[in-house]
Amino acid sequence: TTSNLTANQLNHISLLQNHGPEASESSTMTSSPSFSTHSDPIDPQPSPSRSPSYLDPFLSEADESCYTEVYPSIHSYVERLHTHLQSISVDSLTTNVCLSPLVQTVSAFKPTTYHSALMPWENKALEISILQRVKDLLDEVDPRTAAKHITKADCKVARILEVSPEEQSMMGVSSGMELLTLPHGHQLRQNLLERFETMSILLAVHLLGSTGSHEERASLLHKIIQIAAELKSNMGNMFGFAAVMRALDLPQVSRLKQTWMTLRQRHTEGAVLYETTLRPYMKSMSIGKESSSLSNTTVPHVVPLLTLLETSSAVGEETEMDVEMDVEMDVEMDVVMFHLGAGRTIAQLGCIFQSNAENKLQGFQEDPEVLELFLTDFQMRLLWGYKGAEKNQAQRYAKYNQVLNALSNKLEPATGSH
């Protein structure tokens, strides 16, 4: 027995010195405790399990009986496991694998990195040449086309259209209309409120910055009223409609007695439409007495809901987004309950809003320059310039309240209402 062990040991040492794959495998099999000491040393038979080996979990069913030795290979086990886990994360959209939603904390708008063909790279706030180009584009575009561009941009920000499967996975839901009602939808609510406020300010600046005659301002006012009517009736975009109506109802605009009088004289149908239809409808929506037709709505009226969800629950405590949202909404409990109930309904109807938007925008080809006018990144750069576009939100809005006051008083020093 001593001589046999010595021979085996010498044979084992000799095999290890060869460094070949066959030699290593023979060595492994010889030294394995799974083999009988009475087996033929020339042709040893392995047992069903060999301790230095493992079954590769990534083998196909046809190869399930194969074993892989524990030796370094081109693709290690850890690398193959990492690849497998990546495939699980992609396939989870169509399987029952549950992944936690990604809580976004960064705004969707990046004005300081936004490139535009209509403005220089480091533009200043309210550059005259840019304002003139914007005014010319607004004069050229018809109200329905403008409404379609606004709706397209609104649907993308609200995540109603062009939401990829990867984005849906990160949101944890299929539509932004559901996300905005959830705790981790805070950033989406912030984005929508930013867009709402910025659009309103920009339209007001166009009106108040028109230093021509009362007729010119009345003509521009009529165009904006027509855009509001298109957003409401044809596009079913209540979010965009509310933003335009807010611009028209700002005190700095509504006090322009001469401009509104000229509107009634030169564009009587527009004045009647605004005063008898659009304005009362906007007020009724905001206090919960009116709602848009589900079959026609692309973006619902979510501004009161956004304001409720983003306002601090502590009475008297203000946050950056506790900006006065001049939408004439009473603070009575029944109004609050109406909008919270509407939020529950909106969360369940994201697919309907998406279908409506796709139908209304079917075949629509946007004009890149016109679309830019209604992109929030462009509007922020135009209003606050390259350096000020991403500063404190409350400070930005407060500054523009002063700017609008100055522009309005310059046009018509005498106060009054239309």
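1. The N-terminal end of helix 19 is capped by Asn392, which places a side-chain oxygen 3.1 Å from the backbone nitrogen of Ala394. This falls under the term polar contact, a pair of N or O atoms within 3.5 Å; within protein, one atom must be able to donate a hydrogen and the other to accept it, and residues adjacent in sequence count only if both atoms are side-chain atoms.

2. The structure is a predicted model, in which local features need a pLDDT of at least 70 and side-chain atom pairs count only at pLDDT 80 or more, while totals for chains, interfaces and linings use all residues. Residues are numbered from 1 along each chain as its sequence is written, and side-chain values use heavy atoms, with hydrogens and water left out.

3. The pLDDT, which is the predictor's confidence in each residue from 0 to 100, averages 80 over the chain, and 70% of the residues score at least 70.

4. Of the 418 residues in the chain, 43% are buried, where buried means under 20% relative accessible area, exposed over 50%, and partly exposed in between, with a 1.4 Å probe and protein chains only. Among contacts between residues at least 6 apart in sequence, 74% join residues at least 24 apart.

5. Helix 19 runs over residues 393-411 and, with 19 residues, reaches 27 Å from its first C-alpha to its last, close to the 27 Å expected at 1.5 Å a residue; the expected span is 1.5 Å times one less than the number of residues. Which residues of helix 19 are buried? They are Gln393, Arg396, Tyr397, Tyr400, Leu404, Ser408 and Leu411. These residues lie on the same side of helix 19 because they cover an arc of only 100° around the axis, the arc being that of the directions from the helix axis to the C-beta atoms. Gln395, Gln402 and Lys410 are exposed on the other side of helix 19. The cover over its buried residues includes helix 8 (186-208), helix 9 (214-233), helix 11 (251-254) and helix 18 (376-388).

6. Gln187, in helix 8, counts as buried because its relative accessibility is 8%, and, with neighbours within four places in sequence left aside, Gln187 is in contact with Gln104, Thr105, Val106 and Ser107. Glu230, in helix 9, counts as buried because its relative accessibility is 14%. The side chains of Glu230 and Asn234 are joined by a polar contact of 2.5 Å, and beyond four places in sequence Glu230 is in contact with Pro143, Arg144, Ala147 and Met235.

7. How many residues of helix 10 are buried? Helix 10 is mostly covered, with 12 of its 12 residues buried, among them Phe239, Arg246 and Asp249. Helix 10 spans residues 238-249 and reaches 16 Å from its first C-alpha to its last, close to the 16 Å expected at 1.5 Å a residue. At the start of helix 10, a side-chain oxygen of Asn237 comes to within 3.3 Å of the backbone nitrogen of Phe239.

How values were computed
Helices (H or I, at least four residues) and strands (E, at least two) are DSSP runs, numbered from the N terminus. Contact means heavy atoms within 4.5 Å.
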